[in-house]
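The sequence and structure come first.

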Amino acid sequence: MPFFGELFVSEILRKPVLDPKGEELGKVRDIVVVRGEAFPKVTALILEKKKSLMNLPWTGLNIFNKRIISSNIYTESLQTYEFNEKDLLIVRDIFDKQIVDANGAKVVRVNDVKLEGYDSEALLIAVDVGMRGIMRRLGFERGGEDVMRIFKKHLSNNLISWTYIQPLEPKLTKISLTVPRQMVSELHPADIAEIISQVSHKEGASFFKGLDVETAAEALSELEPEVQAAIITGMDTDKAADIIEEMPPDEAADVLSDLPVDKAKEILESIEKEEAEDIQELLGHEEDTAGGLMTNDFITYPPEISVKDAIEKFRKDAEDVETVYYLYITDPDEKLLGVVSLRELLLAPLDAKLSDILETKLKTVTPDTDEIEVAEIVAKYNLVAIPVVDTEGFMLGIVTVDDVIDVILPPSAKRKRRKV
Amino acid sequence: MSLWKKVAVFISVMGPGIITANIDNDASGITTYSVAGARFGYSLLWTLIPTTIALVVIQEMVGRMGVVTGKGLSDLIRENYGVKATFFMMLGLLIANFGNTVANFAGWAASMEILGLSKYMMVPFGAVTIWILVTKGSYRFVEMILLYACIIFVGYIISGVMANPDWNTVIKQTFVPKIQWKSEYIMMSIAIIGTTITPWMQFYLQSSIAEKGISKEHYKASRLDVIIGCSITDIISFFIIITCGTLLFPYGIRINEASEAALALRPLAGDYASLIFAISLANASLLGAIIVPLATAYYICEALGWEAGVNKTFKDAPQFMWIYTLTIALASLLVLIPGAPLVFLMVLSAVINGLLLPFVLVFAILLINNKKLMGEFTNSRMQNYISWGTIISVIFLTVSWVVTSVF
């Protein structure tokens with residue numbers, strides 16, 4: 001069946017479909033699409049006549065445009081149709097739903113759907129998310145155009161190509177493409193967090209499940225605590241454990257501390273032992289203190305090694321550590337002796353010992369120091385990280401400047417409104 | 001579950017129901033209760049019992065939808081009933097809530113005048129403060145202010161107790177209704193229901209519960225929050241009626257506005273009662289003026305798929321920012337223009353609210369019985385009888401209220 005050109009689904013809804021004699025078969029109620037090569041393609045129209053539904057296959061169509069739709073078969077040979085969950089229907093499943101625009105990194109609502117003819121098929125090529133789509137659905141696209149013309153403006157279409165669309169609920173996944181998944185993974189984790197916080201928790205969780213572990217871990221730490229908890233609780237323990245393991249221990253501890261105790265325990269048990277111990281240690285501290293902010297992910301070296309050896313070692317160690325700008329020098333009991341900044345290390349003669357260049361007058365805080373106080377010290381001395389030591393001087397962890405900034409200025413996804 | 005665990009769960013989900021209920025007592029609500037008390041004494045107190053029951057039945061359903069679907073009511077209506085129904089409903093809500101905001105600014109202006117402050121200064125000051133608070137402040141800050149501001153409503157309880165009513169009569173009249181078959185009396189009782197059960201609060205409650213992300217396991221605690229909230233609203237109403245019924249009714253003082261109540265109280269009950277009434281009115285008006293425009297802008301943008309958020313700029317979220325800003329700016333301007341048709345606007349807003357409510361309630365009950373959305377949380381047969389009964393009576397009463405107030 002030849003169909004050239006393009007049309008919006010709302011333009012043909014409730015339009016009569018004629019049989020070869022010009023009798024009305026029924027009115028267009030919905031459109032069935034299935035996965036195509038690049039775009040979903042139309043396989044059938046659902047017609048409605050006197051409350052009963054019929055399935056008119058695409059191949060049974062003769063003319064298909066916004067003015068006339070006619071068929072080459074008669075009522076007798078039409079099959080009845082019953083709504084079922086397997087089919088993907090444009091009006092029922094795509095119209096009015098929220099979807100993710102992977103290109104613009106935001107959540108939008110589908111106002112209309114655009115079909116385009118290609119070979120002898122009708123493809124779903126784009127969704128309309130603009131004002132014009134709403135006007136068209138309401139039946140005053142023309143009037144809207146006229147009004148806008150008074151203001152010398154054009155009522156523009158806001159179309160998003162299907163290739164940039166990522167469904168929120170698994171239902172649409174069946175026909176989704178591989179492209180947007182990759183695109184979503186390439187989005188900045190903060191953008192992903194923003195998207196998740198704009199939709200319901202259930203949709204957020206199913207969207208989140210589609211991310212790879214690394215992206216998921218980064219996006220998770222940008223989310224609000226309640227959302228984090230909702231998402232992790234809804235996941236199976238193994239997947240949750242994988243994601244938590246990927247996060248820096250301080251952020252992992254933050255997430256776990258907001259979970260129900262049983263779930264947190266379960267996840268901790270499935271995490272690698274060493275990592276789990278680090279997290280466990282951090283979980284013991286109050287959330288708004290240095291202990292609650294700190295991470296135990298830092299670099300320590302003994303004082304007696306040479307700068308050359310330290311650099312050598314650093315190349316290996318720095319790979320897995322989040323904050324690398326300070327090397328903490330400790331004695332064998334992990335008592336903090338001093339600090340060497342990365343800059344000092346690189347500028348020092350290779351044969352010097354770390355004990356020769358180490359700075360002993362350094363600022364430290366204790367685990368129960370209030371977070372605001374920590375922020376003030378970090379700001380005052382322009383530090384990238386500050387060590388946390390217990391009363392006897394043993395090194396427990398560091399608080400990094402990015403966590404301090406979160407105290408003063410929560411990241412936008414966290415600060416983001418919620419509907420009042 | 002141990003008692004302490006239950007308490008902890010409740011505290012964590014508490015909030016939406018209580019805040020919604022408190023904001024429900026905005027300037028127009030307080031006016032209705034004051035007028036009712038001054039005109040009919042305690043004899044309308046009984047209406048608060050069926051009103052509370054209806055409010056609980058309806059809010060419980062809406063709250064349940066918020067917990068189970070995690071979506072707002074405007075989202076659900078859009079996704080299940082399409083763009084047409086949503087668009088006209090949102091248009092109605094916009095107009096009705098504009099009228100509501102005007103009423104709130106008028107209440108703010110009147111209470112400021114009583115406190116001896118010029119409205120020409122205080123209305124612009126209030127409008128600008130609200131705008132800045134919401135667009136430049138953080139949401140948490142706003143929420144905190146809202147929760148604390150709710151405490152000021154206790155002022156009405158204090159003034160009710162200070163009025164020293166005859167509690168025997170109060171209790172008798174509350175539980176044993178003596179209905180007067182006068183048209184004014186019947187209209188007043190319907191007005192009480194109409195001002196207590198409004199369309200916008202259904203949207204507001206469901207969204208705030210959905211946003212809070214309360215899980216299905218904690219649904220019972222959330223229901224308690226809703227029930228407590230509904231009871232608090234009507235307890236406040238109860239005390240407003242008592243105050244005016246004790247102090248103004250015996251002298252036959254007729255009032256038409258809440259601010260007149262505050263003024264009339266001064267010679268009868270002293271400066272304090274008058275002051276408490278004026279401050280509470282100012283607080284209620286301002287709270288309403290913060291929430292109603294903001295809520296409206298959110299529902300409309302979400303339903304129609306526009307960017308929304310208080311931290312966004314005019315460029316990022318133009319529709320949202322314009323709806324929010326224009327509602328506040330125009331409403332506060334109208335209050336200051338002498339001879340502006342304020343009464344007409346408020347009646348119009350009440351009428352549109354009355355017309356919207358049937359649709360909102362019918363959509364709500366249809367959605368809650370949708371198995372695909374609600375799963376095992378749909379209404380039971382018994383709940384459906386109760387809900388339909390409530391909804392049909394509320395619809396009948398509000399429509400007759402609309403009809404009588406227009407003609």
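A salt bridge is taken here as a side-chain nitrogen of Lys or Arg within 4 Å of a carboxyl oxygen of Asp or Glu. The model is predicted, and side-chain atom pairs count only at pLDDT 80 or more. Glu79(B) and Arg109(A) form such a salt bridge, with their closest N and O atoms 3.1 Å apart. That distance is within the 4 Å cut-off, so the pair qualifies. In general, side chains of opposite charge can pair when their charged atoms come close.

**Interface of chain A and chain B**

Three salt bridges are found across the interface of chain A and chain B. The count of residue pairs in polar contact between chain A and chain B is eight. Two or more residues each come from β11 (106-109), α3 (131-138), α7 (189-198) and α8 (201-209) of chain A on the side that touches chain B. Of the elements on that side, α3(A) gives the most, with four residues. By class, the side of chain A that touches chain B holds 18 charged, six nonpolar and five polar residues. In terms of contact, 29 residues of chain A meet 38 residues of chain B. Together the two chains bury about 3100 Å², and 51% of this area is on carbon and sulfur atoms.

**Largest pocket**

The volume of the largest pocket is about 1600 Å³. Its lining is made up of 50 residues; nearest the centre of the pocket lie Val91(A), Arg92(A), Phe95(A), Lys97(A) and Glu79(B). Helix α5 (residues 73-114) of chain B gives the most to the lining of the largest pocket, with seven residues. By class, the lining has 26 charged, 14 nonpolar and ten polar residues.

**Salt bridges**

Over all chains, the rule gives 16 salt bridges. Two of them are listed below.

| Salt bridge | N to O distance |
|---|---|
| Glu11(A) and Lys66(A) | 3.6 Å |

The side chains of Glu11(A) and Lys66(A) meet at 3.6 Å, N to O. This pair links distant parts of the chain, 55 residues apart. Glu11(A) is in helix α1 (residues 9-12) of chain A, whereas Lys66(A) is in the loop between β6 (61-64) and β7 (69-71) of chain A.

How values were computed. Residues numbered from 1 in each chain as written. Chains lettered and ligands numbered in written order. Predicted model: local features only at pLDDT ≥ 70, side-chain atom pairs only at ≥ 80, totals over all residues. Heavy atoms only, no water. Contact = heavy atoms within 4.5 Å. Buried area = accessible area lost by both parts, 1.4 Å probe. Polar contact = N/O pair within 3.5 Å; in protein donor to acceptor, adjacent residues only side chain to side chain. Nonpolar A, V, L, I, M, F, W, Y, C, P; charged D, E, K, R; others polar. 1 Å grid on protein atoms, 1.4 Å probe; cavity = no way out; pocket = protein on both sides within 12 Å on 5 of 7 lines; lining within 4 Å. Points joined across faces, edges and corners; volume = space filled by probe spheres on them.
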